[in-house]
Amino acid sequence: MNKNNGKIVSVNGNMISVEFEGDILQNEVAFAVCGDKKLKAEVIKIEGNIAFLQVFEYTKGIKVGAEVAFSGNMLSVQLGPGLLGQVYDGLQNPLPELAKEFGYFLPVGIERSAIDMKKKWTFNPIAKKGEKVKAGNVLGYVKEGLFKHNIMVPFYLQGEYEIQDIASPNDYNCEDIIAKIKDEKGKTIDLTMVFEWPVKMPIKAYDEKLSPKETMVTKQRLIDSFFPVSKGGTFCIPGPFGAGKTVLQQLISRHAQVDIVIIAACGERAGEVVETLKEFPELIDPKTGKSLMERTIIICNTSSMPVAARESSVYTGCTLAEYYRQMGLDVLLLADSTSRWAQAMREISGRLEEIPGEEAFPAYLESRIAQFYERAGVVKLLNGEKGSLTIGGTVSPAGGNFEEPVTQATLKVVGAFLGLSRDRANARKFPSIDPLESWSRYKSFINEEIAEDAKNIMVKGDGVDQMMKVVGEEGTSMDDFIVYLKAEFIDSVYLQQNGFDSVDAASSSQRQEYVFAKLYKDILKKEFSFKEKEDARTFFYSLRQAFINWNYKEMGSDLFKTQEKKIDDLLQEKGK
Amino acid sequence: MKKVCTKIVNIVGNVLTVQAEGVAYEELAEVSTSMGRSLAQVIRLDKDRVYLQAFQGSRGISTGDEVKFLGHPMQVGFSSNLLGRIFNGSGEPIDGGPAITENLIEIGGPSPNPATRVIPSQMIRTNIPMIDVFNTLVESQKLPIFSSSGEPYNELLARIALQAEVDMIILGGIGLKYDQYIYFKETLEEGGALSRTIFFMHTASDPIVEGLMVPDMCLAVAENFALQGKRVLVLLSDMTNFADALKEIAITMEQVPSNRGYPGDLYSQLAARYEKAVDFDGAGSITILAVTTMPGDDVTHPVPDNTGYITEGQFYLKGGRIEPFGSLSRLKQQVNKDTREDHRAIMDGMLQLYAQYNETEEKRAMGFRMSQWDQKLLKYGQLFEKTMMDLKVNISLEKALDEGWQILAQCFEPEQTSFRSELINKFWPKAK
């Protein structure tokens, strides 16, 4: 495709319109000249010979009449070994590299390669000379940290190819040619370990998409037991500010039982990203014994970074996640927050003077959100292996009101809704997921019927609580009062979890099954009788204290057993 | 070569349109009118049309007035001579002193690279117990003071300016009432803090768009001092006026409003300012405290709502006191583990009891019978409000913690509180 040039005719915030000749692509990348710098931009609308571009940098100093060079390519990311453990901005520039080179501030109009092209990897061929291959087939692999990183036939190649030559086992860098393939017309294509893929296109080089069935354990009791998320599923966490969205996401990113976690910090506070940046390398993943950073990629476009790059940051994260899914791995993408992404769309839409929808969000908001979450899923790969991509997004509804467009559009497409409540957060009940409002369409490892039964007790308990506010404790029957105490009990010993305690922060599926069975059989389903309400309260409070202490003991340890004994003793004493 | 044009095509609201070529986006221009000269900034370019936002407003501007483009964006002088000086919203001195023309820096510079930030770790002492003990202010934190109009938020800011343990203070007024400006000036002068303070004052009588530059100027100056290793505290009052000025310009430019007339980029605009709060690895820091008045005392109003999503917590000012429950300092955990061993326990324990007091107070107001325990709580709540919450209280953190134990001992037996026994043995006041 020919590369074109154009001239800027107008500037409005981060949007420029450009007069061009010849042919250009929708979503093509272009570079606008601004003084001695070149600002990266993306075509978002074409009208006759005028193209509208969103600029990924601040447009201060840009002039009408300045040159714009179109690149001929859509906005793409580099895929290849060396992505894990990296910290990128929304356009996949490595931030620590930029810091080394440019100091404290983010430079304008600078691009750096996402992958260290000179780093050597030991390539092990799998495919043989003469074999027929197509996009997504595995040519060989390199060892990237903990994982076998498959080197695949680039996803953009269409049709069938014959391998003419493949490199022997040895060390290669990302610029070395590791295979030569021939297309049907006999044209030879050289392949390296790295190739590019446009971020806004889902990667589809797999056999088929399956339905998500296996639970993705997050080690958060409230989620796993009551509102589980499946591998390959989608979930959203809406909540007002201060309700603990980010803390919950951090906990999930640490403890989720998946191979790779990709965190897209989209338009949120830089301070929170810094915490992840500085703490993850120090934290040890109990499953692998290595630092958490080795399974993590961070895409970071904080709220003060340019808005257009914020829009692309979720796509960048999603594309990297899909790439690792192609290797048969379980990947989790966490986007914090999708509302900022939607706001970025709204800003651009406003500048394009499109007819606004609700709260000035563009009319295509819903379809964009749906397309994004639809990139999740379990897939059967060409070699028969399975890979999954689970997507979780936080939503920051204006005024904490879930009726707003972004929350509603998200609820339509996700499989689990973990709504955070300000009341629970104010009462310091964490995680502050509202157990009465949230829902999930996935299956848990906990028996559905008992979980449902426990939920019913919570609903009833809430009813009694509401009533007691009117009639007081005196006017409540003993039976109702016990239901209320049981509901409170589930909440404080099972739903709430201390994210800052090393043991309680992560509760394995075995532990959850064990504890929940006990909680259900010995306490929830048991009939208790008391003379006075005060006795009932005292009993449940001491039981609660014993149970909470039990939560802090490592499962299987002696302390765990002693504490369990204490609970049994309390129950037995009451049973007498 | 500076471009000059002498024909103003449109004047709409505070936005002027002229015909010119080769003008850069966000470039500054000078408009000469019969009333004097004023500054304007390019906010949109459309072919040869240039849209300018006139800082002094458009009143009295003639279509024949001269517009001279200065060839650079908004700048502010930066040197240590700035200390003790007072400037207006355009960066011109209003204290009678000379203009600062050397070492000009651009305002609204690029964002710091997240990879160069460090996790904040220094407490800023203010000697206000509701801050120091319960919601500790941390270096590089950004915190709004949510308040309804009529609350003593400027008094609170002035006290923090006087007492905060920092190297220097930059005070930005946006739409500040003139008497409040005088109040700030006099209070800081009396307290002897004027020499470590820089003022950028935009008062309510100045044209509203001029206030738009104030946060950027404050923060650009702060950033340069921070890079020199200074610990800078930036105080802004009131960011709701800033948001209203944004709204006014957006409506004049016929932008589609998103929520209650505010532009869709309100979040990004506010974040671009608040995110300047930073702790540089190997240099100084910027801490931001900004008053955000809540129209109608409504925290879901777009300005406080967007602010809450950006900042690291908030102080609620209600009834002349910092409300302990809505207020939150997200960073306090980073510092309150290293102050004194009883700090966290006092913070949590006293608030839990105060929450119980509130419930009891509600019951009492509804006429329920008060038990002995309720009586204790009532006594406790009143003491707590008097010795801790009153904004006049001016004591160090350690003193405040000691006071806390005193209050507890006056009202309760040790076992009625939920404190760990080691702490009780060490800190519970012995009966005389």
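## Domains of chain B

In this predicted model, 15 residues of domain 1 of chain B are in contact with 12 residues of domain 2 of chain B. The domain assignment places domain 1 at 4–73 and domain 2 at 77–333, and also gives domain 3 at 343–427. Between the C-alpha centres of domain 1 and domain 2 of chain B there are 29 Å.

The area buried between domain 1 and domain 2 of chain B is about 1100 Å², with 66% of it on carbon and sulfur atoms. On the side of domain 1 of chain B that touches domain 2, the elements giving two or more residues are β5 (36–46) and β6 (49–54) of chain B. With four residues, β5(B) gives the most to that side.

## Confidence

The average pLDDT of chain B is 91, and 99% of the residues in chain B score at least 70. For the model, ipTM is 0.85 and pTM is 0.91.

## Interface of chain A and chain B

Chain A brings 59 residues to the contact and chain B brings 57 residues. About 4900 Å² is buried between chain A and chain B, 56% of it on carbon and sulfur atoms. Of the area that chain A buries against chain B, 18% is supplied by A:Lys60, A:Tyr104 and A:Phe241, more than by any other three residues.

Three salt bridges are found across the interface of chain A and chain B. A:Glu353 forms a salt bridge with B:Arg44, where the closest N and O atoms are 3.6 Å apart. Between chain A and chain B, 27 residue pairs are in polar contact, both at pLDDT 80 or more. At least two residues of the side of chain A that touches chain B come from each of β1, α1 (95–102), α4 (270–279), α5 (307–325) and α6 (338–351) of chain A. The largest share of that side belongs to α4(A), with eight residues.

A:Asn14 sits in the loop between β1 (5–12) and β2 (15–20) of chain A. The residue counts as buried because its relative accessible area is 10%, against a cut-off of under 20%.

Leaving aside neighbours within four places in sequence, the residues in contact with A:Asn14 include A:Leu53, A:Val55, A:Thr59, A:Val307, A:Ile348 and A:Arg351. A:Thr59 is 45 residues from A:Asn14 in sequence, yet the C-alpha to C-alpha distance is 5.8 Å. With A:Arg351, the side chain of A:Asn14 makes a polar contact of 3.1 Å.

Notes:
Residues numbered from 1 in each chain as written. Chains lettered and ligands numbered in written order. Heavy atoms only, no water. pLDDT = per-residue confidence, 0-100. Buried < 20%, exposed > 50% of the residue type's maximum accessible area, 1.4 Å probe, protein only. Contact = heavy atoms within 4.5 Å. Polar contact = N/O pair within 3.5 Å; in protein donor to acceptor, adjacent residues only side chain to side chain. Domains from an automatic or database assignment. Buried area = accessible area lost by both parts, 1.4 Å probe. Salt bridge = Lys/Arg side-chain N within 4 Å of Asp/Glu carboxyl O.
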